[in-house]
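Please study the sequence and the structure before reading each solution.

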Amino acid sequence: MHDESAEQQADLTRLLFHHVHAPVTGAHFIRGVLPLPVSAPPAMIRIVMGEANAYAPDDLIAYEIPLQWGDEPATAQDITALLRTLVTGTHIYPSERIGEVMGMLLVRVDPSTPAIQGALDPTTDDRALGILRYYAQPYTEERPSPLLRGFCFLDEDRLRLYVDAAEAPGTIAVDVRPSNATTALLASLPSLLDEEQYWTDDDSDPHCTHVVNLTDW
């Protein structure tokens with residue numbers, strides 16, 4: 001059984017990854033969704049932003065965002081409006097909210113900050129997308145396995161998937177090459193998670209327990 005926060009991270013990933021191709025605004029695209037361990041409250045998610053085809057850490061910014069806003073869980077519309085505000089605004093963050101992760105600048109966001117809160121109105125297109133999703137992507141109790149909790153572009157042809165498998169503790173990172181990601185690989189992925197010959201470590205990535213490297217599979 002997945003933790004409720006893990007399921008929320010997975011739902012947000014599913015609803016946000018179209019911004020890999022469609023900009024959040026201007027030239028700002030989502031380049032990754034990084035799941036934080038749910039064992040460390042409050043529950044957070046990190047959204048990596050950059051220009052299209054940006055891969056170098058120096059060209060990316062990770063925004064750490066709470067999953068709970070007041071009494072309500074953050075929705076995809078909330079996150080999109082927040083990101084649009086962050087990348088186009090001039091809000092200055094205190095030094096204690098600035099850090100680094102995986103070589104990227106990390107900004108810990110407080111959505112309740114007045115300067116941010118006043119600019120979080122969804123656009124008409126945001127609301128229209130919510131209507132379309134309601135009918136085109138209906139919620140189902142049956143979740144995919146493994147559960148996709150996030151992703152990150154590491155290079156032009158290297159994509160990291162963050163997945164939860166019901167029988168394994170923690171989040172596992174799976175590296176694949178989009179140019180080699182055949183249907184056979186995707187169908188075999190659940191069983192390959194247990195193949196220790198593909199396991200490796202990435203000390204720079206705090207979002208996973210270990211990496212399963214399938215780039216040469």
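Patches are made of residues with over 30% relative accessible area and no salt bridge, where like charges are joined within 9 Å and nonpolar side chains (Val, Leu, Ile, Met, Phe, Trp, Tyr) within 5 Å. A salt bridge is a side-chain nitrogen of Lys or Arg within 4 Å of a carboxyl oxygen of Asp or Glu. Accessible areas come from the Shrake-Rupley method with a 1.4 Å probe, with only the protein chains shown as cover for residues.

The model is predicted: local features need pLDDT of at least 70 and side-chain atom pairs pLDDT 80 or more, while totals for chains, interfaces and linings use all residues. Residues are numbered from 1 along each chain as its sequence is written, and side-chain values use heavy atoms, without hydrogens and water.

**Exercise 1.** Describe the nonpolar patch that contains Tyr135.

*Solution.* Step 1: Ile131, Tyr134 and Tyr135 form this surface patch, with about 440 Å² of accessible area together. Step 2: Tyr135 belongs to helix α4 (residues 124-136), a helix being a DSSP run (H or I) of at least four residues. Step 3: Tyr135 is exposed, because its relative accessibility is 66%; exposed means over 50%, buried under 20%, and partly exposed in between.

**Exercise 2.** Determine how many disulfides are present.

*Solution.* Step 1: A disulfide is a pair of cysteine sulfur atoms within 2.5 Å. Step 2: By this rule, the count is zero. Step 3: For Cys152, the nearest cysteine sulfur, that of Cys208, is 11 Å away. Step 4: Cys152 is buried, at 2% relative accessibility, and Cys208 is buried at 15%.

Key: Buried means under 20% relative accessible area, exposed over 50%, partly exposed in between (1.4 Å probe, protein chains only). Helices (H or I, at least four residues) and strands (E, at least two) are DSSP runs, numbered from the N terminus.
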